[in-house]
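Please keep the sequence and the coordinates open while reading.

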Amino acid sequence: MIILIGLIVVGAFLLQGLFGIFQIKNFSRNYRELRLLGPYHILIGKNPKRFFSGSLMLIAIDNDGNIKEARLMQGVTVFAKFRTLKKLEGKNIAVLAADYQELKRMNKLTRQCLLNAYKTFVDFKTQKLSASAYDTSVNVFNMPLFTKIGLMANNLKANMSKKFN
C-alpha cells in the first residue's frame with residue numbers, strides 16, 4: 001500500500017514536471033513572438049496563486065507606454081494557454097492603470113496582472129527595479145504538489161501530537 005502511494009506521488013510529480021515543461025515552452029514562444037514585433041519592451045504582469053486560478057500577462061509597449069500587443073494566460077491547470085487581449089491594444093498603460101472604469105470592466109485576475117505590469121513599468125522608468133524583478137529562479141518545492149504534501153504532513157503531525165499528548 002505504501003509503495004503504491006509512493007508510486008502515485010512520484011508519477012504525479014513527473015507528470016506535473018512534464019506538463020510544466022510544455023507550459024514553459026508556451027511562455028517562451030509567446031515572449032519571443034512579442035520580442036520579434038519590433039523595438040518594444042515586454043512587461044510581465046503576474047498574479048500567481050497556489051490553489052486558485054493564477055494569471056500571467058505579457059505586454060509589448062513602446063517607450064511611451066503605448067501597448068502594441070497584450071497576451072494573458074489564466075487558469076488553474078498546466079493546460080492554460082496565452083490568449084491575445086485585443087481590447088488593450090493601442091492604449092497607454094499609465095492611462096489604463098489610472099482609469100477606474102476601464103479596470104472595473106476587467107476580471108479581478110486580469111486587473112491585478114495589468115497593475116503588476118504597470119508597477120514594473122514605473123519601476124523601470126524610475127530605475128528602481130528590485131532584485132526580485134530580475135529573479136527567474138524557480139523553487140521546485142513551491143509547486144502545488146509539494147505544497148499539498150507539506151499541508152498533509154503538517155496535518156498528520158498535528159493529529160499525531162494530539163493523540164500522544
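## Pairing of strands 1 and 2

In strand 2, S55 is the bridge partner of N47. Strand 1, which covers residues 41-47, pairs with strand 2 in the antiparallel sense over seven bridges, where two strands are said to pair if DSSP finds at least two bridges between them. Helices (H or I, at least four residues) and strands (E, at least two) are DSSP runs that are numbered from the N terminus.

The model is a predicted one, in which local features need pLDDT of at least 70 and side-chain atom pairs count only at pLDDT 80 or more, while totals for chains, interfaces and linings use all residues. Residues are numbered from 1 along each chain as its sequence is written, and side-chain values use heavy atoms, with hydrogens and water left out.

Strand 3 in turn pairs with strand 4 in the antiparallel sense over three bridges, and a hairpin of six residues joins the two strands. M73 stands opposite F82 in strand 4.

## Burial of strand 2

Eight of the eight residues of strand 2 are buried, buried meaning under 20% relative accessible area, with exposed over 50% and partly exposed in between (1.4 Å probe, protein chains only). In a regular strand the side chains alternate between the two faces of the sheet. Both faces of strand 2 are covered, with G54, L56, L58 and A60 buried on one side and S55, M57, I59 and I61 buried on the other.

## Nonpolar cores

In soluble globular proteins, nonpolar side chains tend to be buried together. A nonpolar core is taken here as a set of buried Ala, Val, Leu, Ile, Met, Phe, Trp, Tyr and Cys residues joined through side-chain atoms within 4.5 Å. The largest such core has 17 residues, of which L43, M57, I59, I67, L88, I93 and L114 touch the most other members. Strand 2 (54-61), strand 3 (67-75), helix 2 (93-98) and helix 4 (108-125) each supply at least two residues of this core, and helix 4 gives the largest share, four residues.

Leaving aside neighbours within four places in sequence, L114 is in contact with M57, I59, L88, I93, L96, L103 and M106, contact meaning heavy atoms within 4.5 Å. A second, separate core of eight residues includes A60, M73, A80 and F82.

Apart from neighbours within four places in sequence, N92 is in contact with D64, G65 and N66.

## The chain as a whole

The protein chain contains six helices and four strands, which follow the pattern α-β-β-β-β-α-α-α-α-α along the sequence. Buried residues make up 27% of its 165 residues. Among the contacts in the protein chain with a separation of 6 or more, 48% are between residues 24 or more positions apart.
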